[in-house]
Structure formats: C-alpha cells, structure tokens
Amino acid sequence: MEKYICIHGHFYQPPRENPWLEEVEYQDSAGVYHDWNERITAECYAPNAASKILDHEGRVSDIINNYSKISFNFGPTLLSWLQRHNPDVYLAILEADKLSMERFSGHGSAIAQVYNHMIMPLANRNDKITQVIWGIRDFQARFGRRPEGIWLAETAVDLETLDVLAENGILFTILAPRQASRVKKTANSTPDEDHAVETPDQAVWTDVSGSRIDPAMPYLCKLPSGGTITLFFYDGPISSDIAFSGVLNKGENFIDRLTSAFTDNRDFPQLVHIATDGETYGHHHRRGEMALTYCLHLIESGNYPAAQGVKLTNYGQYLEKHPPVCEVEIYDNSSWSCIHGIGRWMDDCGCNSGTQGEWTQKWRRPLREAMDWLRDRLAGIFEIEGEKYLKSPWDARNDYIDVIRNRNRANVHSFIDSHAHTNLPMEDRTRVLKLLEMQRNSMLMYTSCGWFFDEISGVETVQVMNYAARAMQYAKTLTGISLEAEYIEKLRHAPSNVFSSGAYPYEMFVKPAKVDIMRAVAHYAISSLFEPDHRQINMFCYSVQNQSCDAVKAGKMRLATGKIQIESETTWEQRMFIFAVLHLGDHSINCGVKEFLGDDDFNTIKSEVTDAFEKGLIPSAIRLMQTHFGSDNYSIWHLFKDEQKRVLDLVSQGTNERIDDLYRQIYENNYSLMNFYKGLSVPLPKSLSIAAAYILEKDLMAIFETKHPDVERLKGISDEIKRWNIAIDKHKVSFRATALMNNLVETLSARPEDIELYEKISKVLKIFKSLSIKPDLWKAHNIYFFIGKELRHIMSDKAAAADESARRWLDNYGRLGRNLGIKP
C-alpha cells in the first residue's frame with residue numbers, strides 16, 4: 001500500500017500598495033521593519049527559501065529550500081512586491097519550482113492563485129474570468145509554465161467558479177473537507193490492478209457532509225458546462241493542529257501527526273495532505289520553518305520509524321499516478337474560514353477574530369452593497385467609454401495583466417494596438433490606460449481582507465476603500481461623473497463599532513490619503529528643498545523632469561521656485577507645472593502649485609516672490625504665493641509617508657544634534673564620577689545611566705550603518721555597554737546588526753579568498769554574542785554554504801600540497817563557520 005504526504009502552504013499578503021503611488025508606504029505597526037511585507041519576508045518567506053537543519057549540538061548541518069519539497073502558492077501581488085524588494089527570495093521561490101519538477105516527475109509544486117484574493121462566489125462572471133486569467137498569466141510569466149492547479153481565496157467556491165477554472169485549463173483546486181456534500185464511485189473508474197479501491201458504491205451517493213469525506217484521495221467534480229475538475233479535500237484536523245495546536249514545536253511532532261492519518265483500513269494509495277497559511281511556518285510560529293524542514297528531512301531519510309515507506313509528493317504528480325475514482329458534489333458558496341459558508345465577506349455571520357466580544361460586523365453587508373453598486377457603475381462607464389477605442393473592452397481587460405506585469409512603453413503600445421479599433425493618438429491611449437486602471441482598482445477593492453476582520457475602520461477595510469476611491473477618481477477624470485458622494489452615503493448605512501458609520505473612516509482616512517498629480521508635484525517641490533540636484537527622477541509611479549529650479553537662502557529660511565514636467569508611468573498622463581516652496585525653518589513649510597500657463601506667467605511669479613523673500617518681506621512673499629497659487633497650498637503634511645519621515649528627520653537634525661551634544665557632555669564630563677560609583681558598587685544615578693545608554697547605543701548604531709566597521713571601535717563600545725550594564729534595545733540593535741552583517745558577507749561573497757575578512761567577520765560575531773545581539777544570519781549562512789561548496793575542496797587540495805595561504809584560509813573559514821553556528 002503506497003503512502004504519500006503532501007504539505008501545501010498558501011503564502012499570501014493582501015496588496016498593501018498605496019493605489020496612487022503603487023508602492024507600500026512606511027507602516028510603523030511593523031516595528032523595526034519598513035512595512036509588514038518586509039517583516040513577514042524576514043520571518044517567513046526568506047527562512048523557508050533557505051531553512052536550517054540543526055545537529056544535536058544546535059549547529060547548522062544543512063540548508064534546505066522548503067518550497068522545493070512542498071506544494072505552494074504565492075499571491076501574485078505578493079510576488080510582484082518580492083520581485084521589486086527582495087529579489088533573492090523571489091528567485092529562490094522560482095528556483096524551488098524548477099527543483100520540484102525534477103523531484104516530482106516533471107510536476108512543479110507551485111500552483112497559481114486567483115489574482116487579488118477575491119471571494120469568487122461573490123464575484124460576477126466577468127470578474128471571475130479576469131481573476132482566473134490574470135492569476136494564470138501572471139504565473140506563466142513568472143514560472144515559465146502553465147499552472148496545473150489554482151488556489152481559490154479562502155477556498156471559497158461555487159460551481160460557476162469551478163467552471164471558469166476548467167474552461168481555462170486548470171486541472172485541480174484544493175478545498176476544505178466541510179465543502180464536500182456527497183460522493184459516489186465514478187461510472188468508468190478503473191483502479192490500478194494492484195489496488196482494490198474501497199470506495200462508495202457506483203451510482204449510489206454517500207452523504208459526507210460535516211467534513212466526513214475521506215481526504216486521502218482526489219475526487220472528480222462534474223460541472224454544469226459538461227466539463228470536469230479534480231478536487232483535493234485537505235485533512236482538516238491535522239491542518240488545524242499544525243496551524244493552532246503547537247505541533248510545530250518539533251519536527252518529530254509534525255511528522256508523527258501527519259503519519260497518524262494513515263490507516264490499514266484503506267486498500268489504495270493514500271495521500272495525507274494538509275493546507276495552511278504559509279505564514280504558519282515562521283511568522284505565526286517562530287522557527288516553524290525549521291520544524292517543516294526537519295519533518296521533510298525525516299520523511300526523505302527513510303530512517304524515521306513512523307515515516308518508513310512514505311513518499312513526498314505534490315498534487316500534480318499524485319493526480320497523474322492516481323486519477324480520481326470517485327465523484328463529488330460540493331456545497332456552493334462555501335469556504336475554509338467561515339463555517340457559515342461565505343457570510344464572513346457579506347454578513348454579520350458571527351465569524352470574527354474573537355478579540356472584541358461586544359462588537360458586531362453588521363457593516364459587512366452595507367459595505368458589500370456599496371462596492372457592488374460602485375462596481376456596476378464603473379462597469380457601465382468602462383463599456384460605454386471603452387467601446388469608443390477598443391474592439392472588446394472586456395477582452396482588453398483580461399489581457400491587461402500583460403501590461404501590469406510589464407509597463408515597458410513598447411509593450412504597452414503593442415497591447416493597445418492589438419485591442420484598439422484604429423491607431424490611437426497619445427491622448428486616447430492615456431484614456432484607455434485610465435479606463436483599464438479604473439477596472440484594476442475596481443477588482444482590488446474586493447480583496448477578501450476588507451471584510452475578514454472585525455471593524456470597518458480597520459486598516460484592511462480602509463485599504464479596499466482606498467482602491468474604491470482611486471477607481472472613482474479615474475471615473476471622474478474620464479467622464480466628469482462624481483460617484484463619491486453616493487458611495488459615501490451608502491457607507492453611512494454601515495454601522496461602525498468605533499465611529500458613527502463607515503462614512504467616517506472614509507472621510508477620516510481615505511480622503512486625506514488621496515493623491516492627484518498636483519499633490520505629486522507638491523511632494524517633489526518640497527523634497528527639492530532638501531535634495532536640490534534632481535534633474536530627472538522616478539518618484540513612485542511618476543517620472544519628473546526638472547526644467548527649471550532656483551533656490552535662495554536667507555539664514556535658516558529657504559525659497560525654491562521651479563518648473564517641472566511630470567508624467568504618470570501608469571497612464572502616461574503628462575502635464576507641466578510651476579511651484580514655489582517656502583521653508584521658514586523647522587517644520588514650517590508652505591508650497592504653492594499651479595499648471596504652467598507660459599513662461600511670462602512663471603517668470604512674473606518667480607520674480608515677485610523671490611524679490612519679497614530677498615528683501616525680508618516674508619509676509620508679503622506668503623501673500624504673493626496665496627495670490628498666484630490660490631487654494632492649492634501644500635505643507636509637510638502632504639508629503640508621502642516615507643518622505644515625510646525623512647524630511648522631519650532632516651528639519652529636526654539640528655535639534656537632535658544639540659540634544660546629542662548635551663547627553664555626550666553629561667556622559668564624558670561625569671565619567672570619573674561614574675567610575676567612583678562603580679568602584680563602590682553603587683548603582684548610577686538615573687540621569688547618568690540614561691545619558692550613558694543614549695550615547696553608547698547611538699555610537700553602536702552609527703557603526704552598524706558603516707559598510708566597513710572599525711572592529712576595535714566596536715569592541716570598545718561593547719566593553720563600555722557591559723561596563724555600565726546598559727540595557728540596549730536588543731530588537732532594534734539586532735535589526736541594524738543584520739544590515740551590517742549582510743554588508744560584510746556580501747563583500748565576502750565578492751572576495752571569498754580574503755582571509756582577513758573572515759577574521760573580521762568572526763570578531764564582529766563574537767562582539768554581537770557578548771552583547772546578546774542576535775542578527776538574522778539567513779544571508780550569512782547562505783553565502784557561507786555557497787563559498788564552501790565552491791572553494792573548500794580547492795583550498796583543501798592546496799593545503800595538502802603545503803600551501804600556507806590555503807591552510808590559513810581553511811582555518812579562518814572553519815572559525816567563521818563555528819561563529820555562525822554551522823557544523824564543519
């Protein structure tokens with residue numbers, strides 16, 4: 001009796017990009033990380049790409065790419081972020097699929113996902129089709145092959161969705177056991193001669209409601225269109241234990257729980273398979289990726305008693321070897337994370353986080369109704385306007401994924417030419433792109449997380465409202481029709497647990513976040529005060545050409561005037577603006593922006609405002625700016641978040657430096673007194689200990705920010721921290737120490753024969769250890785292993801031939817490995 005194990009990870013983060021900038025902005029809730037994508041990458045996606053196996057002494061004995069041995073899907077929007085911001089991890093994921101094809105008879109372990117995690121049963125047919133097509137095409141472009149399977153958001157399913165999958169060549173999807181209604185043996189089932197399959201009687205349906213379906217085999221689902229699709233129902237109890245019951249504390253626990261599902265009562269090739277959020281392995285459960293790695297290692301080794309005779313597989317390989325011999329009918333409108341079906345995304349069904357007992361989710365249905373109303377209004381605009389330019393607007397939308405993935409001008413022109421009635425002028429091409437961006441945002445506003453949690457003012461729900469606002473903004477620029485007031489009115493019917501209604505968070509959080517091209521100009525203008533040499537830059541999804549910029553100073557005050565051309569990289573909208581920005585010192589900044597009306601107008605404004613400024617008539621300069629620029633005034637408040645933070649740091653630099661000097665004077669001028677306290681074993685006064693902690697941690701962080709750290713200086717600061725028993729911020733310091741270590745090992749990767757560099761890194765690691773600093777050594781371990789595979793045998797041969805330099809290299813390579821906690 002053959003036994004197979006398949007572990008599926010659903011790796012996904014909701015799209016967090018600011019819809020006006022196409023980038024994820026700074027999120028202070030992510031702690032020391034820039035944003036939650038970066039944090040979860042560090043805790044989960046990167047560790048699973050190079051996960052460690054430890055020996056009995058806790059040393060790293062091997063590094064494994066977990067993705068290559070499990071089944072997995074990554075959300076397309078998450079992969080897009082990884083490609084831009086962490087290409088090493090991104091490439092490791094793609095490589096894992098290639099490795100899995102070698103391991104699993106040509107079947108890659110990666111499967112696709114519906115594009116932006118839309119709840120498919122709640123989508124109209126057009127959106128279902130586009131979500132599937134975009135998911136497939138994105139997958140093909142990344143992995144270089146067609147996907148065999150696809151992941152449905154929250155495994156939410158109905159027959160129409162399955163029909164769309166089958167029509168697009170998808171062979172299988174994965175569902176929860178409670179989504180199965182009844183099963184029977186297929187009419188033409190011909191099991192392997194060696195396996196008498198014990199299944200329900202042919203033509204007799206067996207009720208399997210209440211999660212009673214046997215998950216150890218695949219099932220055929222016949223569809224209304226006449227097509228079919230294979231369904232795998234994961235093992236619910238084991239999946240739940242992996243996610244919530246501490247099974248990941250040890251790899252042995254993991255494998256024991258998996259193999260416990262095998263039974264002698266089945267006389268057919270058994271598939272024990274689970275499905276959980278991929279973030280279970282490292283983010284939700286610290287070191288969960290190592291438990292997964294060790295579990296996979298034990299299965300493959302064949303030495304673990306419970307796993308003897310068990311083979312790893314993925315769904316594609318198993319399906320080829322053992323096609324379904326049973327048919328299944330599903331429950332329409334069901335999912336894995338709502339026991340009420342799909343109520344969690346449309347009703348106050350009772351499903352929530354459980355952390356706010358008094359709260360309700362009565363806001364879900366009015367929000368869903370507001371989004372559906374908006375979708376239909378936007379669809380009408382898209383059809384009417386799109387038909388003016390496009391042979392088939394909906395076909396163009398389905399193909400628009402090729403533009404989203406590659407905004408190269410030639411590619412976009414080719415796309416438009418293939419779908420347009422005629423050769424369109426640039427103005428009409430911009431309108432076509434705006435129409436399609438309106439539709440992209442109209443789908444992003446249905447991302448499932450917007451309804452999943454407890455409160456309509458939560459960040460996830462505000463994010464889908466942002467997408468709705470962006471779509472409405474496009475509609476208004478295209479047609480002059482404003483849908484926002486009616487949309488907000490519908491939100492007033494959505495009760496909030498915190499505010500009066502859903503309209504409040506829209507007014508409070510969404511409206512202030514909106515960006516138009518003039519605000520983008522203001523962002524550039526204010527930033528130009530602090531980086532005045534910009535001639536041509538890419539600023540998020542805008543490109544800016546500085547055609548004229550002049551700055552004058554008067555003490556701490558500065559005035560900049562300029563003319564720029566700005567263009568949206570997304571829609572190709574291109575306009576010319578002029579600006580004047582006045583910095584009165586600190587955070588007091590006043591900026592005016594207006595459309596360019598000619599050089600005479602620009603020169604007049606520039607001359608009048610500059611003349612008043614240079615004469616010291618600051619109130620007059622401000623009044624002139626108000627006269628010329630009207631109500632389009634901007635301040636530091638209007639900067640985008642990352643730049644806002646950077647500019648605030650710059651304008652407060654002088655204040656911070658004065659504070660630093662005061663603390664340093666306290667520390668240095670009272671050093672002998674501090675020694676006297678120490679000699680008497682008397683604790684330092686709080687004022688002195690605070691000053692010492694502030695200065696020493698600041699000096700430590702300054703060293704971490706250098707590419708070539710002074711090791712002796714680092715050791716001196718370390719000794720002082722220990723001398724005064726300073727409690728440094730371990731989390732923040734470890735995060736910065738990671739950046740330093742990454743810089744060092746990247747240099748080592750480029751100079752792998754540099755013996756002194758091995759010594760330097762070893763010394764730095766010893767200092768870290770003495771301070772209990774724990775940097776993330778993911779990159780260091782990877783590079784160390786790679787260098788060993790490339791050079792160690794060469795150096796060993798040279799050392800055997802009495803090469804003293806090679807012998808020293810081997811000594812230092814081994815010493816570094818020990819300091820990294822790696823088994824020689």
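K732 is partly exposed, because its relative accessible area is 32% (buried means under 20%, exposed over 50% and partly exposed in between, with a 1.4 Å probe and protein chains only). Its side chain meets that of E697 in a salt bridge, 3.4 Å from N to O. For the term itself, a salt bridge here is a side-chain nitrogen of Lys or Arg within 4 Å of a carboxyl oxygen of Asp or Glu. The pair links distant parts of the chain, with K732 in helix α27 (residues 730–750) and E697 in helix α25 (residues 686–704), 35 residues apart. E697, for its part, is buried at a relative accessible area of 14%.

A word on the model: it is predicted, so to speak, with local features needing pLDDT of at least 70 and side-chain atom pairs counting only at pLDDT 80 or more, while totals for chains, interfaces and linings use all residues. Residues are numbered from 1 along each chain as its sequence is written, and side-chain values use heavy atoms, leaving out hydrogens and water.

Back to the salt bridges: a search of the whole structure turns up 58. Three of them are laid out here.

| Pair | Closest N and O atoms |
|---|---|
| E489 and R492 | 3.3 Å |
| K645 and D649 | 4.0 Å |

K645 and D649 sit 4 residues apart in helix α22 (residues 641–651), which means about one helical turn separates them. K645 is partly exposed at 40%, and D649 is partly exposed at 44%. In the other pair, E489 counts as partly exposed at 40% relative accessibility, and so does R492 at 44%. There's also a network of salt bridges, linking R125, K128, D158, E160 and E167.

Now for the strands. Helices (H or I, at least four residues) and strands (E, at least two) are DSSP runs, numbered from the N terminus, and two strands pair if DSSP finds at least two bridges between them. An open sheet is built from 6 strands in the order β15-β16-β17-β18-β19-β20, with antiparallel pairing. At its edges stand β15 (536–539) and β20 (633–634), each with a single partner strand, so one side of each has no neighbour in the sheet. Inside that order, β16 (residues 542–554) and β17 (residues 557–568) run antiparallel and are joined by 12 bridges; C549 has G562 in β17 as its bridge partner.

Elsewhere, β8 (residues 180–185) pairs with β14 (residues 326–330) in the antiparallel sense over 5 bridges, and R182 has E329 in β14 as its bridge partner. β8 is also joined to β9 (residues 206–207) by 2 bridges, again antiparallel, with T206 in β9 partnering V183.

Finally, the surface. Patches are made of residues with over 30% relative accessible area and no salt bridge, joining like charges within 9 Å and nonpolar side chains (Val, Leu, Ile, Met, Phe, Trp, Tyr) within 5 Å. A positive one gathers R286, R287, K730 and K774. R286 sits in the loop between β12 (270–277) and α8 (288–301) and counts as exposed at 67% relative accessibility. A nonpolar patch is formed by L673, F676, L680 and V682, which together have about 370 Å² of accessible area. F676 lies in helix α24 (residues 671–679) and is exposed, with a relative accessible area of 55%.

Terms used
Accessible areas come from the Shrake-Rupley method with a 1.4 Å probe; for residues, only the protein chains shown count as cover. Lys and Arg count as positive and Asp and Glu as negative; His and the chain ends are not counted. The place of a charge is taken as NZ of Lys, CZ of Arg, CG of Asp or CD of Glu.
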